[in-house]
Every structure is written in C-alpha cells, then in structure tokens.
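Let's learn to read a protein model together, one feature at a time. Take a look at the structure first.

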Amino acid sequence: MFTRKKLILFAVVCALFAAGEFWVFSTIRSSYEKDSLAQLKTLAKAMTSAAPVQPEEMAAWPDRLSSQYAGSRFFLISGLPGEEGSELIGGDPELSRFWSDERNSALVAEAVDTASYLEFYVAKDPLLIGGTPYRVVVAPVPDEEESAARALLIIGANGAGYV
C-alpha cells in the first residue's frame, strides 16, 4: 500500500537518481567536447604547418584540403585582415560570405587578434550552412620563422558529430 511517506521517499530517490544521471551526462559531454576541440586544433595546426609557400599553390590549397577532408570547408586569406596587402584568396563560397558578412563584428576582430599571436580561434556558436552546423576555426598560417601569420585559414569543420 502506498502511503504519503513512501511516495515522498520515492520522489526523493527519483530526484537523486535524476541529479546523478544529469551529472554523469554533463561530465561525459564536457569531456567529449574538450577532446573534440583539442583534436580539431591539432588537425588545424598540422594543416597550417604544411601550407604551401608559393602563391600559386596557396590559391589551390583550400580546394585540395576540401577534397582531402570531406565534409569540411576551407577558405584562405593572405596576411591579416585589416593590414596592408591582405586579400581574400579563395575557397568555399559560404565561408567567404560568412567572413564578409561578419568582417566588422566582434567575432572577426577577436579571431584576427588571436591569430596575430599565432593562436587558433574557435567560434563559440556553430555556423549553419544548408542546415548543417559547422565549427568555425580561424587558423594562422605561420611564416618561415614562425614569428607572424602570413595567411589565415578559415576552417568550417562539420559539427554534426559535436552536437
């Protein structure tokens, strides 16, 4: 027979179980997101460290990356935006449109500032392209001395697996 005391005890046990379940899920999710982000930064570092040197090869590089990394999008900018000689080189038109639309935003300013210190910038919010979320990473391509960024590689990593 169910009494008021048994129902209260049952509700408390259910609440404790739900809190434990939430804690386990959030811990696993947080760990997975950190690991995925670290892997994405490692991959971006490998890509940018193997960037071509010649301008003709740089122009074709985003398309080569797209064929090697199916599901991801790439766009390349020479130099640092806002500095003399910086220009859009090419790559994915959706990332180009995103960068152009956001060029005066705090996101782009922070990304360029971060890249000027040869650090990788990962946008907090995903970019939706055709209903698919993409994790936007701005990766600096270092010069030969690794003292400055000679280009920026904008990476749109398919974020469907991260969601």
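Predicted model: local features only at pLDDT ≥ 70, side-chain atom pairs only at ≥ 80, totals over all residues.

Q: What does the radius of gyration of the protein tell me?

A: Set the value beside the one for a compact globule. With 163 residues, such a globule would have a radius of gyration near 15 Å, but this protein has 22 Å.

Q: What share of the residues is buried?

A: For this we use relative accessible area, and buried means under 20%. In this protein, 36% of the 163 residues are buried. The exposed surface comes to about 10,400 Å², with 58% of it supplied by carbon and sulfur atoms.

Q: Which residues of β1 are buried on each side?

A: To read a strand, check its two faces in turn. On one side of β1 sit R73, F75 and I77, on the other F74, L76 and S78, and all of them are buried.

Q: How do β1 and β6 pair, parallel or antiparallel?

A: For strand pairs, look at the direction and the number of bridges. β1 pairs with β6 (residues 149-158) in the antiparallel sense, over 6 bridges. β1 and β2 also run antiparallel, and 4 bridges join them. You can follow L76 to see both pairings: L76 stands opposite L153 in β6, and its bridge partner in β2 is G90.

Q: How many salt bridges does the structure hold?

A: Look for a side-chain nitrogen of Lys or Arg within 4 Å of a carboxyl oxygen of Asp or Glu. The structure holds 3 salt bridges. One of them joins R73 and D92, with the closest N and O atoms 2.8 Å apart. This pair links distant parts of the chain, 19 residues apart: R73 belongs to strand β1 (residues 73-78), while D92 is in the loop between β2 (87-91) and α3 (93-101). Both R73 and D92 are buried.

Q: Where do E33 and R29 lie?

A: Here, count along the helix. E33 and R29 both lie in helix α1, 4 residues apart, about one turn of the helix. Their closest N and O atoms are 3.1 Å apart, and the two form a salt bridge. E33 has 34% relative accessibility, so it counts as partly exposed. R29 is partly exposed too, at 45%.

Q: What about E94 and R97, and how far apart are they along helix α3?

A: E94 and R97 are 3 residues apart in helix α3, again about one turn. Their salt bridge has its closest N and O atoms 2.9 Å apart. E94 counts as partly exposed because its relative accessibility is 31%. R97, at 43%, is also partly exposed.

Technical notes
Residues numbered from 1 in each chain as written. Heavy atoms only, no water. Buried < 20%, exposed > 50% of the residue type's maximum accessible area, 1.4 Å probe, protein only. Rg over C-alpha atoms; globule rule 2.2 N^0.38 Å. Areas by Shrake-Rupley, 256 points an atom, 1.4 Å probe, with all protein chains shown as cover. Pairing = 2+ DSSP bridges.
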